[in-house]
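Visitor: Hey, can you walk me through this one? I'd like the overall layout and then a few residues.

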Amino acid sequence: MLGSMLLALVLAGAEPAADPPKASAQAQQRLAELHLADARTWNMYLDEGHSAKAELVEKPIYVWTNPTRSHGQHGAVFVWNDRGRPVAVGSIFSHPETGKRMVCHEFHSLATGTLLPERGPDDQRWEPKSAIKFQPLPEAGVPDASPVRRLIQMRSLARDFTAHSIDYQMERWQLRLLGQP
C-alpha cells in the first residue's frame with residue numbers, strides 16, 4: 001500500500017512529505033536551559049505565610065519532543081519535593097510561534113496539604129483545586145522487600161490504570177504508560 005502511494009506521488013510529480021527536522025544537540029541544550037530556567041522561576045509554597053517551600057529537582061525526570069504539534073514541541077518534566085516526597089510535577093515545554101518561542105506549562109499537584117505555587121517576577125499563580133488523598137489498593141498486597149520485585153509489582157498495578165488529558169480545544173489525548181519508569 002505504502003509503495004503504491006509513493007508511486008502515485010512520483011507519477012503525479014509531487015514529492016513525499018519529509019520527516020520533521022530534529023533539533024541539533026546544540027539546539028536541544030539551549031531548549032533544556034530554557035525549560036530549566038523557567039522551572040526555577042516557580043516557587044511551590046507549602047503554607048500561607050510562604051515560610052516553607054518545596055525544592056525543585058533540577059534534573060528533569062523526562063525529556064520529550066512532539067514534532068507533530070505546534071511546529072515541533074520540546075519539553076521537560078520537573079518535580080518539586082518536600083522532604084524527599086514529590087508535591088508537584090510539571091511539564092515545561094516550548095514551540096515556535098510568530099518568530100519566537102512560546103513557553104507553556106502543565107502542572108499537577110501531588111501535595112496532601114496546602115500548595116500555593118507562584119511564579120516571580122510576574123507574580124503569576126497556579127491554584128490547585130484541592131489536595132490529593134491517598135487511597136489504599138487492597139488487591140496490591142504487601143510491597144516486596146526486593147527492589148526488583150517491587151518494580152514488577154508496581155508495573156503490574158500500573159497496567160490497571162488509564163489516563164488522558166484534555167487540551168484547551170477540548171481534544172482528548174490518551175496518555176501511555178512508559179515501559180521504563
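Guide: Here is a quick tour, from the whole chain down to single residues. Keep in mind that this is a predicted model.

Visitor: How many helices and strands does the chain have?
Guide: There are three helices and nine strands. Along the sequence they come in the order α-α-β-β-β-β-β-β-β-α-β-β.

Visitor: And what share of the residues counts as buried?
Guide: Of the chain's 181 residues, 24% count as buried. The accessible surface of the chain is about 13500 Å², and carbon and sulfur atoms hold 57% of that.

Visitor: What share of the contacts comes from residues 24 or more positions apart?
Guide: That's 39%, taken over contacts with a separation of 6 or more.

Visitor: On to the inside. Which residues touch the most other members in the largest nonpolar core?
Guide: M44, F78, W80 and L115, in a core of 16 residues. The elements giving two or more residues to this core are α2 (25-40), β1 (42-45), β3 (73-82) and β4 (85-97). Another core, of six residues, lies apart from it, and its members include V77, V89, F93 and C104. As background, nonpolar side chains in soluble globular proteins tend to be buried together.

Visitor: Let's switch to Q73. Is Q73 buried or exposed?
Guide: Q73 counts as buried because its relative accessible area is 8%, and the cut-off for buried is under 20%. This glutamine sits in strand β3.

Visitor: What is Q73 in contact with, leaving aside its neighbours within four places in sequence?
Guide: With W64, T65, N66, F93, S94 and H95.

Visitor: Now H105. Where does H105 lie?
Guide: In strand β5, which covers residues 100-109. H105 is partly exposed, at 25% relative accessibility.

Visitor: Which residue's side chain does H105 join in a polar contact?
Guide: D38's, and the distance between the two side chains in that polar contact is 2.5 Å. Beyond neighbours within four places in sequence, H105 is in contact with D38, W42, S91, I92, F93 and R119.

Visitor: Changing topic to backbone angles. What is phi for H50?
Guide: About 60°, which is positive even though H50 isn't a glycine. H50 lies in the loop between β1 and β2 (53-66), and it is partly exposed, with a relative accessible area of 31%.

Visitor: What about phi of M170?
Guide: M170 has a phi near 65°, again a positive value in a residue other than glycine. You'll find M170 in the loop between β8 (164-166) and β9.

Visitor: Is M170 buried or exposed?
Guide: M170 is exposed, because its relative accessible area of 65% lies over the 50% cut-off.

Visitor: Last stop, the outside. Which residues form a nonpolar patch on the surface?
Guide: I61, Y62 and L178 do, and together they have about 270 Å² of accessible area.

Visitor: Where is L178 placed?
Guide: L178 is in the segment after β9 (172-174). L178 is partly exposed, with a relative accessible area of 35%.

Terms used
Residues are numbered from 1 along each chain as its sequence is written. This is a predicted model: local features need pLDDT of at least 70, side-chain atom pairs count only at pLDDT 80 or more; totals for chains, interfaces and linings use all residues. Side-chain values use heavy atoms; hydrogens and water are left out. Patches are made of residues with over 30% relative accessible area and no salt bridge: like charges are joined within 9 Å, nonpolar side chains (Val, Leu, Ile, Met, Phe, Trp, Tyr) within 5 Å. Accessible areas come from the Shrake-Rupley method with a 1.4 Å probe; for residues, only the protein chains shown count as cover. A salt bridge is a side-chain nitrogen of Lys or Arg within 4 Å of a carboxyl oxygen of Asp or Glu. Helices (H or I, at least four residues) and strands (E, at least two) are DSSP runs, numbered from the N terminus. Buried means under 20% relative accessible area, exposed over 50%, partly exposed in between (1.4 Å probe, protein chains only). Contact means heavy atoms within 4.5 Å. A polar contact is a pair of N or O atoms within 3.5 Å; within protein, one must be able to donate a hydrogen and the other to accept it, and residues adjacent in sequence count only if both atoms are side-chain atoms. A nonpolar core is a set of buried Ala, Val, Leu, Ile, Met, Phe, Trp, Tyr and Cys residues joined through side-chain atoms within 4.5 Å.
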